[in-house]
Amino acid sequence: MGTMWKGGQIYTMKAELQTVEAVYTENGVILGTGALAELENKYRGQIDHVEDLRGGVMFPGFVDSHMHLIGHGETFLKLQLGGCRSREEAIERVKAQAEILPEGMWIIGEGWNENEWTDSALPERELLDSVAPRHPVLLRRVCRHAIAVNTAALAAAGVNEYTRVPKGGVLGRDAAGRLNGILKEQAQELVLGVMPGATDEYLAAALEAAIEDCWSKGLTGGHTEDLSYYGSCTRTMNAFHSVIHERHKHFRAHLLVHHLALDEWLREHRGEYIESSLLEFGAMKLFADGALGGRTALLSRPYADDPTTNGVAVHSCDELESLVIKARQHGLAVASHAIGDAAAEKVLKYLEKYPCPEGKRDRLIHGQILRPELVAQMKRLPVITDIQPSFVTSDFPWVMERIGDPQGLLVYAWHTLLAEGIPCAGGSDAPIEKVSPLEGIHAAVTRTKPGQKTVYEEKEKLTMYEAISLYTKGSAFAACHERTHGLIGEGYAADFTVLMQDPFGGNPDILLEDLVQMTVVNGNVVYARK
């Protein structure tokens, strides 16, 4: 027995503007599409439920190709600094938290971005000490490549003026040479390693909050990287199993395996005991560089606004090569964070030297700064690019101050990548950006900040069909599921995102409205607008 879906505009995404009148599903799979009368006749006696779309617009389920699902859920559990418009406002929020938490309890915050502040000054150690002298404070920058901590946090970690700087890390200092509490890249681990560990209940609560929020944004799944951040890969896997399978929070989770979690994951038999159609494991994740905001993305030239640096290589060339070799030894694809062009160059060198196992696909995550010769190499390999369209709205125009003259560089060049035949998938990098795929699609199509008219790199705009494809066909292809997900067709998963208005119908600014009418996973309505 099955369900007939009818009464709206149904885009198959097989071709631009291709629609069908109705869809019939059974047991989480699409069995038929086409004219309503024909499907009713074909499946007469089998239809036990009719889902009227009430004029809604149905697409294959949107999937975020790069996110941190537990991290997104934590945004509902921690001090949020993303909306602050000045350093003083962020400090005031820390002060308020210190006044209500018991002395000695850690104050954890995230989301600060000095590029959105009126003064662009960092929340340094002395300021944090002034409002929370008896609480360890740790505030993660929006990019998660830098943290700000106070003296109590440094003391808890045993970090002082003589602490050796970890390879691939930066310990910030003030004009007098004293530690200023700003730790970047690998140096963050000095303090992150002594933070109180997350409990099982905490992980489950964060996951539930994240999944329910993703449903409300129209997401039926996400490719997520969480296994190395919460003390135990096994505990984190069990949290996913508990929430998705036992608590029936149905969401298609494709988990990347951070190289630091790889050995434990292998000892746990690759998590095979919890795998299902809703929960699976993908490529080995590694980091080649940092982020543009903190000038740690690795460029092939010095930063225009700080010629003393061209970024940070998280691994030496030998280390990077050994990690790729390790992935190949275990039959794994590689998904590498690479924002700067020099980082991409290093990664691509070893992906080409050690080809991806048959049936798997390597990924370059972000690929924000590239060069034409690198794109040619990506096409030759081939390699998928996980892009985050919303980075355009958050990074421009300040990113051009970092880069300077873009001559010879491809900057957030989404159209160029697609035109060159590079497969692209769309994601948010939540919680770094908002998890909404509709806002990502809007950014890809308009290259503008919401409410503003300035268009950033207009030639790199995508069409509406291309942008929606990033979150449907693109995400499916990245996970090697292009034959079962990402389209509305016979044999494909019954995962749907239903909107109240048609994004093909006119002004793309409608995407900035709350348009999600219904989210469907495995044939089950997991979210319905009231």
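Contact here means heavy atoms within 4.5 Å. By that criterion, and not counting residues up to four places away in sequence, Ala209 touches Gly73 and Phe76. The model is predicted. The points below cover selected residues, a charged surface patch and some backbone features.

**Ala209**
- Ala209 sits in helix α7, which spans residues 200–216.
- Ala209 and Gln377 are 168 residues apart along the chain, and their C-alpha atoms are separated by 40 Å.

**Lys473**
- Helix α17, residues 464–478, contains Lys473.
- Lys473 is partly exposed, at 28% relative accessibility.
- Setting aside neighbours within four places in sequence, the contacts of Lys473 are Met13, Lys14, Tyr465, Gly486 and Leu487.
- Pro423 is 50 residues from Lys473 in sequence, with a C-alpha to C-alpha distance of 9.8 Å.

**Ser336**
- Ser336 belongs to strand β18, residues 334–338.
- With a relative accessible area of 1%, Ser336 is buried.
- Beyond neighbours within four places in sequence, Ser336 is in contact with Leu286, Ala288, Val347, Arg363, Leu364 and Ile365.

**Negative surface patch**
- A patch of negative charge on the surface is formed by Glu88, Glu92, Glu99 and Asp119.
- One of these residues, Glu92, is in helix α3, residues 87–100.
- Glu92 has a relative accessible area of 46% and is partly exposed.

**Cis peptide bonds**
- The bond from Phe396 to Pro397 is cis, with omega near 0°.
- Pro397 is in the loop between α13 (390–395) and α14 (398–403).
- Ala430 and Pro431 are also joined by a cis peptide bond, with omega about 10°.
- Pro431 is in the loop between β23 (424–426) and α16 (437–446).

- His366 is not a glycine, yet its phi is positive, at about 90°.
- Strand β19, residues 363–366, holds His366, and the residue is buried, with a relative accessible area of 2%.
- Cys480, likewise a residue other than glycine, has a positive phi near 60°.
- Cys480 is in the loop between α17 and β24 (496–499).
- The relative accessible area of Cys480 is 30%, which makes the residue partly exposed.

Definitions and conventions
Residues are numbered from 1 along each chain as its sequence is written. This is a predicted model: local features need pLDDT of at least 70, side-chain atom pairs count only at pLDDT 80 or more; totals for chains, interfaces and linings use all residues. Side-chain values use heavy atoms; hydrogens and water are left out. Patches are made of residues with over 30% relative accessible area and no salt bridge: like charges are joined within 9 Å, nonpolar side chains (Val, Leu, Ile, Met, Phe, Trp, Tyr) within 5 Å. Accessible areas come from the Shrake-Rupley method with a 1.4 Å probe; for residues, only the protein chains shown count as cover. A salt bridge is a side-chain nitrogen of Lys or Arg within 4 Å of a carboxyl oxygen of Asp or Glu. Lys and Arg count as positive and Asp and Glu as negative; His and the chain ends are not counted. The place of a charge is taken as NZ of Lys, CZ of Arg, CG of Asp or CD of Glu. Helices (H or I, at least four residues) and strands (E, at least two) are DSSP runs, numbered from the N terminus. Buried means under 20% relative accessible area, exposed over 50%, partly exposed in between (1.4 Å probe, protein chains only).
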